[in-house]
Amino acid sequence: MLKPSDAEIQAALAEAERMRAQGGDPHHLAHSLLYLEHRVRLLEAVFEAAKNYLRFGQEEHEHAVLANAIEAARSGADHDSARDGETFGL
């Protein structure tokens, strides 16, 4: 699958925001897109922290940054799954 361009991604996210604001998301596609974009940002931070941790000889500071990024991603997932029984069905 080809990666969409940055402009296409931004347009899709803007449309998803518009759909959610107007309540026009009957199949939860906009909600799912916005949720997944948020998760990708958290996981990209984990990836970058892991890359730096390995590149710089596994120093203490990079280890702490990596641990914090992993915890942020984990707590984001825990928080999202604990919301008022709301599910995506994925």
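How many salt bridges does a search of the whole structure find? The search finds four. The model is a predicted one.

Start in helix H1, which covers residues 6-22. Here the side chains of Glu15 and Arg18 meet in a salt bridge, with 2.4 Å from N to O. Why can these two meet? Glu15 and Arg18 are three residues apart in H1, so about one helical turn separates them. An α-helix has 3.6 residues a turn, so residues three or four places apart point the same way. Side chains of opposite charge can pair when their charged atoms come close. Glu15 is partly exposed, at a relative accessible area of 35%. Arg18 is partly exposed too, at 36%.

Ile9 also sits in helix H1. Its relative accessible area is 29%. Buried would require under 20% and exposed over 50%, so Ile9 counts as partly exposed. Along the sequence, Ile9 and Glu37 are 28 residues apart. In space, their C-alpha atoms are 9.6 Å apart.

Between H1 and H2 runs a loop, and His28 lies in it. His28 is not a glycine, yet its phi is positive, about 65 degrees. Most residues other than glycine have a negative phi. His28 is partly exposed, with 45% relative accessibility.

Next comes helix H2, residues 29-55. H2 has 27 residues. From its first C-alpha to its last, the helix reaches 38 Å. That is close to the 39 Å expected at 1.5 Å a residue. Which residues of H2 are buried? They are Ala30, His31, Ser32, Leu34, Arg39, Leu42, Val46, Ala49 and Tyr53.

Arg41 pairs with Glu37, and their closest N and O atoms are 2.9 Å apart. Both residues lie in H2, four residues apart, about one turn of the helix. How accessible is Glu37? Its relative accessibility is 24%, so Glu37 counts as partly exposed.

After H2 comes Gly57. Its phi is positive, near 75 degrees. Compare His28, which has a positive phi although it is not a glycine.

Helix H3 covers residues 60-81. Where is the salt bridge here? Arg74 forms one with Glu71, the closest N and O atoms lying 3.4 Å apart. Arg74 and Glu71 are three residues apart in H3, about one turn of the helix. Arg74 is partly exposed, at a relative accessible area of 46%. Glu71 is partly exposed as well, at 40%.

Glu71 also leads back to H2. Glu71 itself belongs to helix H3, while Leu42 is among the buried residues of H2. How far apart are Glu71 and Leu42? In sequence, 29 residues separate them. In space, the distance is 9.7 Å from C-alpha to C-alpha.

To recap the salt bridges: Glu15 pairs with Arg18, Arg41 with Glu37, and Arg74 with Glu71. Each pair lies within one helix: H1 for Glu15 and Arg18, H2 for Arg41 and Glu37, and H3 for Arg74 and Glu71.

Note on methods:
Residues are numbered from 1 along each chain as its sequence is written. This is a predicted model: local features need pLDDT of at least 70, side-chain atom pairs count only at pLDDT 80 or more; totals for chains, interfaces and linings use all residues. Side-chain values use heavy atoms; hydrogens and water are left out. Helices (H or I, at least four residues) and strands (E, at least two) are DSSP runs, numbered from the N terminus. The expected span of a helix is 1.5 Å times one less than its number of residues. Buried means under 20% relative accessible area, exposed over 50%, partly exposed in between (1.4 Å probe, protein chains only).
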